Amino acid sequence: MAFSVACQPNNLFFCFIGVLIGTLVGVLPGLGPVATISLLLPSTFQLTPVAALIMLAGIFYGAMYGGSTTSILVNIPGEAASVVTCLDGYQMARKGRAGPALGISAFGSFIAGTLSVIAIMLIAPPLANMALKFGPPEYFTLMFLGLTVVTYLASGSMVKALMMACVGIFLGTIGTDIISGLERFTYKSYTLMDGLGLVPVIMGLFGISEVLLNIDEQAAQRDIYETKISNLFPNRRDWRISIFPILRGSLIGFFLGILPGGGAVIASFGAYAFEKRISDHPEKFGSGAIEGVASPEAANNAASQGAFIPLLTLGIPANVVMAILLGALLIHGIKPGPLLMKQNPDVFWGVIGSMYIGNVMLLILNLPLIGVWVKILKIPYPILFPLILLFCLIGSYSLNNNVVEVMIMIFFGIVGFLMKKFGYEGAPLILAFVLSPLMENALRQSLIMSHGSFSIFFTRPIAVTFFVVALFLLVSPLIPGLKKRPKGGDIV
Amino acid sequence: MKKYNQISSLIWLFFAVYICIESLRLPLGSWRDPGAGFLPLGSGLCLGILSIVAYLQARFRKEDNVRESWYSKERWKSLPIILAVLFGYSLFLDTLGFLVSTFILLLMLFRFVGPQKWVVAVGGSALASIVSYVVFELWLRTQLPRGILGF
């Protein structure tokens, strides 16, 4: 079924558009997959849910491919998951081996993507069956755990990340209360009665704020390493060195991608650290070791696809991009979760099948078109930023043809800019914002079930497991010896 | 940074107080049946407590007292221009219509923030406005505002 849905001409076309746009935004520093998916979200409303999700998913994993190009050639990661590729990729380029670096990154991503799709096909159905046993208490504690992991892995202060999660939960409560019908924080605004729109908030926090930040810091100035890119196909020695790091990276990436709050960034760093630790020549890492490119590139691609498992089987987004995709599915009238496979098998299997096809497309796109991507890299930021702003404005307006939503987006753009300046991360806020209505519903249903007793969260085995893990993560920074927590950067 | 952390945590504390006050106007319900104000109040209280923790952390953290500005002193003027242009766009979009307001928006951004030469700014703005109109209005069928001029 997966391939029969994914191979329909319409779905193939939007898969191609998705991976093409994804590679493009991966290549262009300053416009990540989060901003792009939110920019293009309104334009998918006229598509079928399958085509829309295929395209948006293509943007996400396409960006993972494209991000490596800038890391290797410019030493600037196109998106956060390619940061670690800079370490050895750029050094390889400086030694005249840009071609093999780009080649192994594309092949590594392809192999990882393929293995991940197979793993999703094997793991998702039993997981969805298990999730059918979940009730409101299990869902509430799982979402609580997801939020806790995101704050735990935040790159900055955990307290600030928790604060942002609280703000996100509050923002999610704005609008009409679905149980009582009462208006909350709407101040008689018709726009706010339906709640704050996901698209204006995300576009503001990630799109507008990024432009403001780039202009303020002139971060987009870049020098492209001028070298003739040849021999994109790695030689036999390169393959011998890289194949096991690719397989290990795929495995690490996939499982870190599944974890709520995990993601491509943590996966790429984790895979790189692991390779360095087990290598016979760890001193070579950082000076152009090809396995230092192969492993993290495989890991970030595997993670980006593994993240679909909790979304499609449990209805829980593992990271911000998945949170946006959750929003997209809900807008299209589809509720992701354990019943998705039964109620909308075309959506579930269509997306899974399209990932494999998308990986083939990306391999074809990346290798022959590297020259084109390099030319695109040379577009000056002063030309690019007005167009990014224009996309944001059109995107937020076209949602409901409402200028108030444009103003909301600009407001969140300013908020996002200040948040970045003062070290507050957007990821926990967005994840909490998306989960807030679901969490509130699950919490209220749980308390109704238990006649007001919170013991319901501690007497059911699955719920108490999630709760204990979340609690452990929350208090672990206070425990001596466990103070050092892994830093995940932007959990995207 | 220490000072900025203190200020920002105080701003969040005020915001938390606002959330709590406004939440108390809503029915809180009971444990058995939580009301509409239950979760907002909970998030406000948690935000307030965390803001105090963040303030105290910043207050007692040993940091060098180097005073660094949080904005670029050379480039800060671009930011108010961008924001003014964006707010202006949202105010006049319905009146002027998509094509005219987008042309003006891009012209301002290209010319005064870019900054590009007039020829590039005018040409680029016209081209980008028309292309975006064709893509979004004619191809994707997005209903863009026509304004008093009818396009």
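**Exercise 1.** State which domains the assignment gives for chain B, and how far apart their C-alpha centres lie.

*Solution.* Take the bounds from an automatic or database domain assignment. For chain B they are domain 1 (2–60) and domain 2 (78–139). Next, compare the C-alpha centres: those of domain 1 of chain B and domain 2 of chain B are 40 Å apart. This is a predicted model, where local features need pLDDT of at least 70, side-chain atom pairs count only at pLDDT 80 or more, and totals for chains, interfaces and linings use all residues. Residues are numbered from 1 along each chain as its sequence is written, with chains lettered from A and ligands numbered from 1 in the order in which they are written.

**Exercise 2.** Describe the side of chain B that touches chain A.

*Solution.* Count residues in contact (C-beta atoms, placed from the backbone, within 7 Å). Chain B gives 52 residues and chain A gives 44. Then list elements, with helices as DSSP runs (H or I, at least four residues) numbered from the N terminus. Those of chain B giving two or more residues include H1 (2–24) and H5 (118–139). H2(B) supplies the largest share, eleven residues.

**Exercise 3.** Find which residues touch the most other members of the largest nonpolar core.

*Solution.* Join buried Ala, Val, Leu, Ile, Met, Phe, Trp, Tyr and Cys residues through C-beta atoms within 7 Å; buried means 20 or more other C-beta atoms within 10 Å of a residue's own. The largest core holds 209 residues, and Leu53(A), Ile324(A) and Leu325(A) touch the most other members. Helix H4 (residues 49–74) of chain A gives this core its largest share, 16 residues. Both domain 1 (2–60) and domain 2 (78–139) of chain B contribute at least three residues each. Finally, inspect Ile324(A): beyond its neighbours within four places in sequence, its contacts include Val34(A), Leu41(A) and Ile202(A).

Technical notes:
Two residues are in contact if their C-beta atoms, placed from the backbone, lie within 7 Å. A residue is buried if 20 or more other C-beta atoms lie within 10 Å of its own, exposed if 12 or fewer, and partly exposed in between; C-beta atoms are placed from the backbone.
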